[in-house]
Amino acid sequence: MKNISIIFSLLIAVIIAIFVFPFYNPNGQITDNRLSVAVTIYPTYDIVKNIGGDKINLNQIIPFGQEPHSFEPTPRDIINISNSKLFIYTGLAVDSWAIDLGDIAKKRKKFIKLSEVSEIVKNDPHFWLDIDNFKKMANLIANRLIKLDSNNEISYQENLSIYLAKLEKLDSAYKEQLGNCEIHSVIVNHNAFQYLARRYDFKTFPIMGISPDDKPSAKVLAEIVDLVKERNISTLFFEELASSRVIETVAKETGIQIDSLSPFGNIPQNEIQTGYINLMYQNLEKLKKAMSCQ
Ligand SMILES: [Zn+2]
């Protein structure tokens, strides 16, 4: 049913886009001639914003503050995507609704499916949390921006270099600061940190699945209680955009601390200015504390 309704909205939207919107200018403003780019998730938004700056008319389809895994597009979103010169999505369980739209965009050669930069670990769609993947994403996007808008090539190249250098610094900070820890495990509500944990050599034990709104079984909860004791775990990390009832139960059962840790599929509106890299440093501080790192 879900697919049929998406396809139906899509058809309506494409018809509207073709016949109505070319002549429609909502505020009577001068048309924006900048390259228009639509993205699904926040990491991609941050990459385009940093490399493209104000040369790009950038639009994140999943509204800021909304949990991405359960998002479904409206006809207006579909129109925005079909009017964009470039649509960037992952094609995984964090924006699976975009796959059909991507196929349409593919025919017009104006899409990037980002999951192609990475092998996918245990169905975890949060591959951007491995910084090598993130750098590949940035390179891929920069190359495409240059191809579509060669007048601004120098600016895109310069911004890419600056951004990549900051990412390398971030990677070194994680390696150094998580290099000597007393505890090597954390519990997470959303199974979103496998790439991060693998890169920096710690373990995450998820209460829930790939989508943060999944429900854990009683068996899983009992296992978590044991794990906390066995591994001396101090902290249960939750994701702010997901529901928190189960987390409170587990924290009460085990007596451990709870803190937020974002995998950045999306962020609240008020964190946009902070930016992905600074938000990743905030995560690092929380991980250091949770694992008693020196
Ligand atoms: Zn997620």
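# A walk through the predicted model

Is L167 buried or exposed? L167 is buried, because 20 other C-beta atoms lie within 10 Å of its own, and a residue counts as buried when 20 or more do. Setting aside its neighbours within four places in sequence, L167 is in contact with I131, F134, K135 and I277. The separation between L167 and D132 is 35 residues along the sequence, while in space the two stand 9.2 Å apart, C-alpha to C-alpha.

From here the reader can turn to the nonpolar interior. In soluble globular proteins, nonpolar side chains tend to be buried together. In this model the largest nonpolar core has 74 residues, and the members that touch the most others are I51, I88, A138 and I141. Helix α5, covering residues 131-148, gives the most to this core, contributing seven residues. At least three residues of the core come from each of domain 1 (2-173) and domain 2 (180-290). For I51, once neighbours within four places in sequence are left aside, the contacts are A138, I141, A142, L145, Y156, N159, L160 and Y163.

The next feature to trace is an open sheet of four strands, arranged in the order β2-β1-β3-β4 with parallel pairing. Which strands stand at the edges of the sheet? They are β2 (56-60) and β4, and since each has a single partner strand, one side of each is left without a neighbour in the sheet. Ignoring direction, neighbouring strands of this sheet are turned by 15° against each other on average. Within the sheet, strand β1 (residues 35-39) pairs with β2 in the parallel sense over five bridges, and S36 stands opposite N57 in β2. Helix α2, formed by residues 42-52, lies across β1, β2 and β3 (86-89), and the helix runs at about 170° to β2.

Most residues other than glycine have a negative phi, and most peptide bonds are trans. K122, although it is not a glycine, has a positive phi of about 40°, and its place is in the loop between β4 (111-113) and α5. K122 is exposed, because 7 other C-beta atoms lie within 10 Å. N232, likewise not a glycine, has a positive phi of about 60° and lies in the loop between α8 (218-230) and β7. With 13 C-beta neighbours inside 10 Å, N232 counts as partly exposed.

Conventions: Residues numbered from 1 in each chain as written. Predicted model: local features only at pLDDT ≥ 70, side-chain atom pairs only at ≥ 80, totals over all residues. Core = buried A, V, L, I, M, F, W, Y, C linked by C-beta atoms within 7 Å. Buried ≥ 20, exposed ≤ 12 C-beta atoms within 10 Å, placed from the backbone. Helix = DSSP H or I, 4+ residues; strand = E, 2+ residues; numbered from the N terminus. Domains from an automatic or database assignment. Contact = placed C-beta atoms within 7 Å. Pairing = 2+ DSSP bridges. Axes fitted to C-alpha atoms, helices over the stretch in contact; angles between N-to-C directions.
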